[in-house]
Amino acid sequence: MKRLMLSLVLSAGFLLRANAQHPAPAQESNSATTPRISEVVVLGSGTPNADPDRSGPAVAVIVNGHSYLVDCGPGIVRRAAAARRDGVPGLAMKDLTTLFITHLHSDHTLGYPDLIFTPWVLGRTGHLTVYGPGGTADMTKNILAAWKKDISVRTQGLEHANTTGYLVDTHEIEPGVVYKDENVTVTAFPVKHGSWDQAFGYRFQTPDRVIVISGDTSPVDVIVKACNGCDVLLHEVYASGPHSEMDSPQWEAYFKAFHTSTTELAAIATQAKPKLLVLYHQVFHGVSEGEMLQEIRNHYPGAVVSAHDLDVY
Ligand SMILES: [Zn+2]
Ligand SMILES: [Zn+2]
């Protein structure tokens with residue numbers, strides 16, 4: 001099932017959006033005629049739940065045909081292949097080389113070995129370059145150690161795999177500008193994710209847009225500052241309205257400390273004023289998607305949509 005497709009590629013990296021199920025908000029109504037340099041592709045909109053329709057959290061920011069990945073939940077490589085099939089540029093296996101990790105929760109990193117090895121097995125020769133919190137280097141080292149026999153068989157046996165494409169250059173980052181090239185400036189900002197000592201959100205400044213990705217966080221002012229009228233704010237959320245069902249007081253306490261409720265997100269969006277608010281990593285707690293959106297709309301008048309895997313904004 002394709003929820004939407006990029007239907008037209010004007011030239012390398014210049015995209016038009018065709019989003020039939022989630023029409024562009026009024027302020028973006030010119031997008032049908034104005035080529036875009038950058039787009040946000042939701043590769044995985046999910047959570048730890050093994051929802052067959054929602055892969056683990058992973059996002060691709062595409063700028064001038066280059067991809068910049070944020071998080072690597074389970075399913076990331078196959079969803080990248082699906083988005084490529086839909087016409088999104090920059091997601092060929094050889095192009096999956098730049099990754100930003102928000103935090104090291106397993107739902108955001110179970111696709112990390114997949115991203116290290118699968119594109120390599122399929123011919124990538126470039127290293128994977130990774131930016132993430134403290135612990136990223138250790139995780140990387142341990143993944144490479146866990147698959148050392150595979151690496152040895154593939155490089156020394158009849159597969160004749162190249163000897164560079166599985167290598168990873170890790171950068172453990174602090175808040176501030178963590179990456180800059182001709183397409184994008186990426187700024188990491190610290191968010192508050194319960195007992196995690198480090199968790200980041202990322203702000204992408206591209207030639208035509210500002211895109212802010214929350215990662216996992218309880219409500220924090222830094223999102224308001226990072227967005228400040230940004231084009232797209234992709235934010236995690238859990239349902240908190242009268243119809244939502246929390247399993248137990250313990251889980252309620254967990255969600256309060258680790259995540260952002262619909263009412264809290266509405267308050268953040270009211271201050272942050274994104275041109276488009278995109279919900280991802282949605283925890284529905286028994287409510288429908290429409291009810292979750294209504295919980296936001298009850299307190300926030302701006303444009304808001306609920307993301308699905310392979311949606312493009
Ligand atoms: Zn998560
Ligand atoms: Zn998390």
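**View 1. Glycine 194 and its contacts in a predicted model.** Leaving aside its neighbours within four places in sequence, glycine 194 is in contact (heavy atoms within 4.5 Å) with Ala257 and Phe258. Glycine 194 sits in the loop between strand 10 (185-190) and strand 11 (200-205), where strands (E, at least two residues) and helices (H or I, at least four residues) are DSSP runs numbered from the N terminus. At 32% relative accessibility glycine 194 counts as partly exposed, a class between buried, under 20% relative accessible area, and exposed, over 50%, with a 1.4 Å probe and protein chains only. The C-alpha atoms of glycine 194 and phenylalanine 255 are separated by 8.7 Å, although these residues are 61 residues apart along the chain. This is a predicted model, in which local features need pLDDT of at least 70 and side-chain atom pairs count only at pLDDT 80 or more, while totals for chains, interfaces and linings use all residues. Residues are numbered from 1 along each chain as its sequence is written, chains are lettered from A and ligands numbered from 1 in the order in which they are written, and side-chain values use heavy atoms, with hydrogens and water left out.

**View 2. The disulfide of cysteine 227 and cysteine 230.** A search of the whole structure finds one disulfide, the term being used for a pair of cysteine sulfur atoms within 2.5 Å. This disulfide joins cysteine 227 to cysteine 230, with an S to S distance of 2.2 Å, and with -85° about the S-S bond the link is left-handed. Both cysteine 227 and cysteine 230 are buried.

**View 3. Glutamate 295 in helix 9.** Glutamate 295, which lies in helix 9 (residues 289-297), is buried yet has no salt bridge, and the nearest side chain of opposite charge, that of arginine 297, is 12 Å away. A salt bridge requires a side-chain nitrogen of Lys or Arg within 4 Å of a carboxyl oxygen of Asp or Glu; for charge, Lys and Arg count as positive and Asp and Glu as negative, with His and the chain ends not counted. A polar atom of the glutamate 295 side chain lies 3.0 Å from the backbone nitrogen of serine 240. Beyond its neighbours within four places in sequence, glutamate 295 is in contact with Ala239, Ser240, Gly241, Thr262 and Val287.

**View 4. The buried residues of helix 1.** In helix 1 (residues 76-85), the buried residues are Ile76, Val77, Ala80, Ala82 and Ala83. Their cover includes strand 3 (38-44), strand 4 (58-63), strand 5 (66-70) and helix 3 (112-121). Just after helix 1, glycine 87 takes a positive phi of about 105°.

Terms used
Polar contact = N/O pair within 3.5 Å; in protein donor to acceptor, adjacent residues only side chain to side chain.
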